Amino acid sequence: MLSNLIDRIRLPFRKEKELYLALYNILGFFPRNITFYKVALMHKSLGHRATEKELKALEGKGKKGKAKAQPAGKKGKRLGRPLNNERLEYLGDAILDAVVGHVAYQYFPGKAEGFLTNARSKMVQRETLGKLAQQMGLSKLIMSSGCNITHNSYMGGNAFEALVGAVYLDRGYEACQEFWTKRVMGKYLNVNKIAYTEVNFKSKILEWSQKNRVKIEFRLEDQSQDENGSPTFEYTVVLEGIDGCRSRGFSKKESQQHACELTLKKLRSDSQFFDSIFAAKTARTQMEEMPVSVVPVVENIDEPLITLNSQTEDEPEAMEKTREQIIAEAEAQAYSVHSA
């Protein structure tokens, strides 16, 4: 409380007081080192190059608050290198897993490991974090170059993780816990609702298709890049050869999940679509089970499959030789050879 009061008194004298105030409204406390948070809000499309001040802040300090010494040549190369929020995103992802895992463990006593793992994954998935970033006003602070933040659904979620990484470096693990429990859970996230809500639409439609023996496939319609160079994928859910719903996303998983969600809703609301799938299934199974109506004709079935060459008139009839004849022929042959 006292530190926040001191920071509020200092606020009018800050060079970036608007950013300080915006982050205070999100976090519930003022940043100590604003550099962490500025980098957390830098999307890679911005093309920002590292400054000496940013490198000192991000890479730690040596003794007596001085930056660690760097070789002159190496330092020159390091300055000006591309700098964005991806490293902080990596750090925040790990911290967030630990924080939310701890919260789930305490919030759901007696629940098995599988339930806790599933609950944690739902709370930290990109879609959930993206919605939180939008609701908390974090998405408006992201610095990018001509990127449509609402179009790139992962940008807000990535920035949220990077923000957690910045909080960890700036104030430590306990501050990350406080931010999640008091600001996120306290104002925006219904833990019970999200833990018990099924969000894996692809798993649900696969389970439904298996129970009903309906053939399902996910057809890739298009794989390209948006105007900012981010990869995009477009998939259609196909049931018994009939096209369901189509969706585009920034990953195969995102595209397929949304297409499955739309197709499930269509199955529940569109009886004509539902009936056409089972009509196609009936036609397919009848065709697979229908016997072949025409039986092949088999002629000369009594003739042997393998025939021997017939004996010519010039060839004498084969006769079995007696033991005496064989011995006599051998003696005659031996005698003729000896005589010669």
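Q: Helices (H or I, at least four residues) and strands (E, at least two) are DSSP runs, numbered from the N terminus; where is the place of Asn-85?
A: This is a predicted model, in which local features need pLDDT of at least 70, side-chain atom pairs count only at pLDDT 80 or more, and totals for chains, interfaces and linings use all residues. Asn-85 is found in the loop between helix H5 (72-78) and helix H6 (86-107).

Q: Is Asn-85 buried or exposed?
A: Look at its relative accessible area, which is 4%. With its value of 4%, Asn-85 is buried.

Q: Which residues does Asn-85 touch?
A: A contact means heavy atoms within 4.5 Å. Leaving out residues up to four places away in sequence, Asn-85 touches Val-39, Ala-40, Met-42, His-43, Ala-159 and Ala-162.

Q: How many Å apart in space are Leu-129 and Ala-159, C-alpha to C-alpha?
A: Start with Leu-129, which lies in helix H8 (residues 126-136). Along the sequence, Leu-129 and Ala-159 are 30 residues apart. In space, C-alpha to C-alpha, the two are apart by 8.8 Å.

Q: What is the relative accessibility of Leu-129?
A: The buried residues of H8 are Thr-128, Leu-129, Gly-130, Leu-132, Ala-133 and Met-136. Not counting residues up to four places away in sequence, Leu-129 touches Leu-96, Met-123, Val-124, Gly-156, Gly-157, Phe-160, Glu-161 and Trp-180. Leu-129 counts as buried because its relative accessibility is 0%.

Q: What is the class of the angle between H6 and H7?
A: H6 and helix H7 (residues 113-124) pack with their axes 9 Å apart, at an angle of about 130 degrees. Axes are lines fitted to C-alpha atoms, for helices over the stretch in contact, and angles run from 0 to 180 degrees between N-to-C directions. Angles under 35 degrees count as roughly parallel, over 145 as roughly antiparallel, 65 to 115 as roughly perpendicular and the rest as oblique. So the class for H6 and H7 is oblique.

Q: Which residues of H7 make the contact with H6?
A: From H6, the contact uses Leu-96, Asp-97, Val-100, Gly-101, Ala-104 and Tyr-105. From H7, the partners are Leu-116, Arg-120, Met-123 and Val-124.

Q: How many bridges join S1 to S2?
A: Two strands pair if DSSP finds at least two bridges between them. Strand S1 (residues 216-225) and S2 run antiparallel, and Ser-224 stands opposite Thr-232 in S2. They form a hairpin with five residues between them, where Gly-229 in the turn has a positive phi of about 85 degrees. The number of bridges joining S1 to S2 is nine.

Q: Which residue in the turn between S2 and S3 has a positive phi?
A: S2 and strand S3 (residues 242-249) pair in the antiparallel sense over six bridges, with Glu-234 opposite Arg-248 in S3. These strands form a hairpin with two residues between them. The turn residue with a positive phi, about 55 degrees, is Glu-240.

Q: How many of the nine residues of S2 are buried?
A: Strand S2 spans residues 231-239. S2 is largely enclosed by the rest of the structure, because the number of its nine residues that are buried is eight.

Note on methods
Residues are numbered from 1 along each chain as its sequence is written. Side-chain values use heavy atoms; hydrogens and water are left out. Buried means under 20% relative accessible area, exposed over 50%, partly exposed in between (1.4 Å probe, protein chains only).
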